[in-house]
Amino acid sequence: MVGSAIIRQLQNRNDIELITKSRHELDLTSQMAVDSFFEQSKIDEVYLAAAKVGGIHANNTYPADFIYENLIMECNIIHSAHKHNVQHLLFLGSSCIYPKLAAQPMSEDALLTGILESTNEPYAVAKIAGIKLCESYNRQYGRDYRSVMPTNLYGENDNFHPENSHVIPALMRRFHEAKLNNDEEVVVWGTGTPMREFLYVDDMAAASVHVMELNKETYQANTQPMLSHINVGTGIDCTIREMAETMANVVGFTGDVIFDSSKPDGTPRKLMDVSRLNSMGWSYSVNLEEGLTQTYQWFLQNQQNFRK
Ligand code: GFB
């Protein structure tokens with residue numbers, strides 16, 4: 001999802017030659033395959049958006065897959081990039097790197113100050129390792145490897161699986177199907193009280209390019225060698241209940257929304273402090289209702305391709 005949005009940002013630039021590989025063409029969990037890819041391609045900049053991702057249920061159900069696949073992909077790509085003399089790399093993490101009960105809004109220096117949320121701890125540990133890999137290659141070898149930590153993302157090319165997806169694609173599909181079936185109610189997981197901040201994927205891609213292209217002096221002046229990541233978000237959050245109501249309006253579902261409190265809520269709140277990125281000249285442009293409307297248009301055009 002984010003990788004294809006970064007391609008949309010960069011594809012019309014004539015100062016960049018894009019080199020991409022689909023998951024069918026290159027197995028990022030294979031060190032040999034990744035290394036020979038770097039050996040054969042003349043690469044000078046890497047956007048590392050590839051990851052094993054999923055919502056609260058998937059993280060809780062497949063913890064081994066989440067920690068193993070993310071760690072091995074990060075190790076393979078970052079080490080091979082260094083071996084083949086790639087000087088610039090941008091690693092994409094997640095807001096779940098911060099402690100479950102971090103002070104809100106969460107600033108970059110909240111990293112490693114407390115216990116993680118249990119539903120996604122293995123994924124978060126892998127993402128923290130990614131930041132530390134980048135910092136370590138910078139410190140030992142003088143590389144310029146940077147990290148951005150997005151808040152919860154959504155948009156076109158998201159995963160709309162009924163159980164394994166994040167809340168926005170899950171509810172978009174559930175509300176849409178309920179509307180078609182004239183159902184009287186839609187069930188939303190948890191209590192509806194957790195608060196989340198949502199960022200449209202094209203905003204995330206724009207922020208990624210912005211951070212990659214900051215000059216080194218600006219990046220270093222705003223970060224520290226062992227605290228080098230930058231938050232990306234809107235700085236605005238809402239309850240899951242409020243988001244579900246906005247979703248119902250966007251999709252046109254007029255029935256009742258009910259909450260299943262037997263399902264986990266996850267972190268109570270994870271609002272990003274985005275002042276560091278704002279001070280470096282970037283802020284978001286697509287608000288939640290606009291982003292949901294654009295995503296629903298994409299959903300309607302592409303839903304025939306979704307797996308059941
Ligand atoms: O999107 P989500 O899975 O991400 O869930 P997290 C956000 C909130 O929405 C939780 C509620 O409180 C869920 O209980 N929710 C309500 C639902 N209905 C649904 C539904 O049908 N599906 C889903 N998925 N949630 C993830 C992490 O946590 O955030 C990942 O597990 C990653 O590691 C991602 O960091 C950004 O914000 O809870």
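How far is an oxygen atom of the ligand from an N or O atom in the side chain of Arg-174?

## Contacts with the ligand

In this predicted model, the distance between an oxygen atom of the ligand and an N or O atom in the Arg-174 side chain is 2.6 Å. The side chain of Ser-94 also has an N or O atom 2.9 Å from an oxygen atom of the ligand. Val-167 takes part through its backbone, where an N or O atom lies 2.8 Å from a ligand oxygen atom. On its own the ligand has 700 Å² of accessible area, and the protein covers 97% of this.

## The shell around the ligand

H6 provides the largest share, three residues.

There are 22 residues around the ligand, and those that come nearest are Ile-56, Arg-174, Arg-196, Pro-264 and Asp-265. Sorted by class, the shell holds ten nonpolar, eight polar and four charged residues.

## Helix H9

Helix H9 has twelve residues, 240-251. At 1.5 Å a residue, the helix should span 16 Å, and this agrees with its end C-alpha atoms, which are 16 Å apart.

The buried residues of H9 are Ile-240, Met-243, Ala-244, Met-247, Ala-248, Val-250 and Val-251. They line one face of the helix, because they fall within an arc of 165° when H9 is seen down its axis. Just after H9 comes Gly-252, with a positive phi of about 90°.

Notes. Residues are numbered from 1 along each chain as its sequence is written. This is a predicted model: local features need pLDDT of at least 70, side-chain atom pairs count only at pLDDT 80 or more; totals for chains, interfaces and linings use all residues. Side-chain values use heavy atoms; hydrogens and water are left out. Helices (H or I, at least four residues) and strands (E, at least two) are DSSP runs, numbered from the N terminus. The expected span of a helix is 1.5 Å times one less than its number of residues. Buried means under 20% relative accessible area, exposed over 50%, partly exposed in between (1.4 Å probe, protein chains only). The arc is that of the directions from the helix axis to the C-beta atoms. A residue is near a molecule or strand if one of its heavy atoms lies within 4 Å of it. A polar contact is a pair of N or O atoms within 3.5 Å; within protein, one must be able to donate a hydrogen and the other to accept it, and residues adjacent in sequence count only if both atoms are side-chain atoms. Accessible areas come from the Shrake-Rupley method with a 1.4 Å probe; for residues, only the protein chains shown count as cover. Ala, Val, Leu, Ile, Met, Phe, Trp, Tyr, Cys and Pro count as nonpolar, Asp, Glu, Lys and Arg as charged, and the others, Gly among them, as polar.
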